[in-house]
Amino acid sequence: MDAATAEAAVVTWRLARRPDSWITRLFDYKPFLIGLCLAPAIGLLVVFLTYPLGLGFWLALTNSTIGQRGHFVGLANFISVLSDPVFQLSVFNTIFYTAAATVGKFGLGLWLALLLNHHLPFKSFLRAIVLLPWIVPTVLSAIVWWWMYSPQFSIISYILVNVLHLRSTYINFLGSAWPARWSLVVANTWRGIPFVAIITLAGLQTIPPSLYEAALLDGASSWQRFRFITVPLLLPILSVALTLSTLFTFSDFQLVYAITDGGPFNTTQIMATLAYQVAIPGSELGQGAAIAVAMIPFLVALTAINYFGLARRKWQQGPANE
Amino acid sequence: MSEAAAGDELLSWDSRARRVVTVYVPLALFVIVLLFPFYWMTITAFKPDSEMEDYAHHSPFWISSPTLHNFNVLLFHTQFPRWMLITISVAVGTTILSIFCSVLAAYAIERLRFSGSTHVALAIYLAYLVPPTILFIPLATMVVQFGLYNSPISLILTYPTFLIPFCTWLLIGYFKSIPYELEECALIDGASRWQILRRIVLPLSVPGLISAGIFAFTLSWNEFIYALAFIQSTGNKTVPVAVLTELVTGDVYQWGALMAGALLGSVPVALFYSLFAEYYVSSLTGAVKE
């Protein structure tokens with residue numbers, strides 16, 4: 001090594017060690033850094049989530065219409081909405097839709113997860129294609145269901161009548177209240193099964209096989225193994241999935257909007273579609289906001305029920321499992 | 001000995017038959033039911049009008065003379081290519097914005113460790129539980145006030161509200177798995193916080209970034225209610241909204257074109273998903289486990 005390169009190395013080393021400029025020090029100052037890192041996320045969430053949530057409450061107390069700032073009218077919107085039979089029907093429909101679809105999704109999803117948990121050929125391929133209904137845009141698959149529910153050309157009716165000979169007439173799926181409600185529940189269940197199945201499967205795979213072996217040695221039946229090992233160990237993950245699933249089913253919009261749009265005669269109108277119909281095409285922003293706000297107590301109650309279910313589990317397991 | 005072997009064989013045959021009935025048959029039924037709508041969508045998209053509604057002469061499960069007529073109508077007689085372009089730009093724009101915000105937020109919460117960081121994390125998680133259906137009415141009034149009505153920018157700004165909570169939560173989980181020692185070594189070597197984030201934390205959490213990115217992309221592709229409420233002009237709609245509102249005209253439903261639209265609108269997401277299926281599954285399960 002000659003003297004020149006050694007000197008150059010010293011110079012670069014000195015350059016590298018020069019005292020930090022104020023901007024570098026500012027960026028290493030922790031409170032500043034924390035603020036800077038949190039600012040974009042918190043900023044966006046406050047402006048487009050927290051503020052509109054508050055604005056929604058305010059709008060519900062005014063008689064705003066599209067293009068016109070309303071005046072404060074107190075609880076008038078809530079009073080008129082609550083006494084409206086269409087709103088009452090929509091509350092019933094939403095609860096029915098959520099309850100029936102959740103039972104279907106979790107029952108069938110759990111079963112599918114247990115099936116997929118066996119040793120199977122092409123397991124990861126199967127798992128991937130099973131998730132498809134959940135990936136594809138809901139509205140687009142809802143349009144397919146709408147086509148499959150067509151009164152004259154329904155492929156489901158065709159299978160039942162012409163292939164299986166179980167019925168003699170085509171079913172008018174969306175023509176009257178209860179068939180239409182059940183049709184929506186089936187479409188929603190179809191879309192939700194993969195979500196439940198994949199999450200449950202992930203939970204199943206974390207259960208150590210040694211527990212099942214120990215239970216086998218102790219002479220437990222397959223039902224007992226399911227009841228006393230699988231279910232308790234799955235509960236925490238199922239509870240989170242249940243919270244998300246019920247919340248998103250309760251506040252669902254697109255599936256119902258695409259398949260029935262609340263019809264026939266509002267018998268499948270759920271709260272979200274009613275809020276949309278009143279607020280945007282009907283341009284009664286205040287009334288629509290009141291309907292949307294009326295969903296909040298239900299959502300809070302659903303979360304609380306699930307949360308305390310989960311909290312109780314944690315308490316049983318003890319704090320070590322946190 | 002031979003008796004025992006015969007017994008074994010009988011047992012194994014019995015258990016195999018049992019396995020077929022309890023596992024393979026239900027599994028096959030599940031797969032058929034879950035995939036049939038896609039089959040039906042695809043086959044309808046390629047059917048000529050004459051076969052579409054004539055089940056007596058043509059089996060509905062197959063196509064006698066497949067045609068591209070429906071795609072022709074869709075691509076050259078509607079604004080479908082434009083809707084596609086808008087949807088892609090909105091999805092890409094939101095994904096970049098959400099990942100940028102989420103990486104910074106997750107890094108601050110998980111790695112910078114300040115008092116109250118768990119509360120911030122909880123608040124962000126709670127934001128995930130606020131559904132778009134209770135926000136779209138006030139957001140619509142805000143969008144009008146900002147002069148963003150009918151503009152896809154309104155979607156790029158509002159979609160992160162449901163993407164940031166999810167992605168942040170996911171990335172917190174990934175950052176947690178990176179050992180602190182790496183960061184401490186870098187600090188001793190004189191790296192700044194930014195260098196640590198860029199050179200150490202981000203490269204190590206690439207799988208997490210991919211998962212979050214895929215998730216953000218699919219969710220913004222699928223979003224419906226904001227796109228329906230904020231955009232009225234035909235040319236600026238996203239694919240899911242446009243297929244439903246522009247292709248359903250009057251009383252005669254053009255099932256062929258509708259199915260072709262549904263198929264083309266689903267293919268990009270399905271393709272994207274099939275490339276990264278493992279990441280997708282891990283993001284889905286990872287975020288729930290956290």
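The following questions and answers set values from a predicted model against the definitions behind them.

Local features need pLDDT of at least 70 and side-chain atom pairs count only at pLDDT 80 or more, while totals for chains, interfaces and linings use all residues. Residues are numbered from 1 along each chain as its sequence is written, and chains are lettered from A and ligands numbered from 1 in the order in which they are written.

Q: Why are α3(B) and α14(B) called roughly perpendicular to each other?
A: The axes of α3 (residues 69-77) and α14 (residues 255-275) of chain B cross at roughly 75° and come within 8 Å. Axes are lines fitted to C-alpha atoms, for helices over the stretch in contact, and angles run from 0 to 180 degrees between N-to-C directions. Angles of 65 to 115 degrees count as roughly perpendicular, under 35 as roughly parallel, over 145 as roughly antiparallel and the rest as oblique. The pair is therefore roughly perpendicular.

Q: Which residues of α3(B) and α14(B) meet?
A: N70(B), F71(B), V73(B) and L74(B) in α3(B) meet G256(B), A257(B), A260(B), G261(B) and L264(B) in α14(B). Two residues are in contact if their C-beta atoms, placed from the backbone, lie within 7 Å.

Q: What makes up the contact of α3(B) with α14(B) by class?
A: There are 6 nonpolar, 3 polar and no charged residues. Ala, Val, Leu, Ile, Met, Phe, Trp, Tyr, Cys and Pro count as nonpolar, Asp, Glu, Lys and Arg as charged, and the others, Gly among them, as polar.

Q: How many residues does each chain give to the contact between chain A and chain B?
A: Chain B gives 72 residues and chain A gives 69. On the side of chain B, the largest share, 12 residues, comes from helix α1 (residues 2-45). That side divides into 55 nonpolar, 14 polar and 3 charged residues.

Q: What are the domains of chain B, and how far apart are their C-alpha centres?
A: Chain B is divided into domain 1 (2-68) and domain 2 (78-289), with bounds from an automatic or database domain assignment. Their C-alpha centres lie 36 Å apart. The contact takes 7 residues from domain 1 and 6 residues from domain 2 of chain B.

Q: How many helices and strands does chain A have?
A: Chain A has 15 helices and 0 strands. Helices (H or I, at least four residues) and strands (E, at least two) are DSSP runs, numbered from the N terminus.
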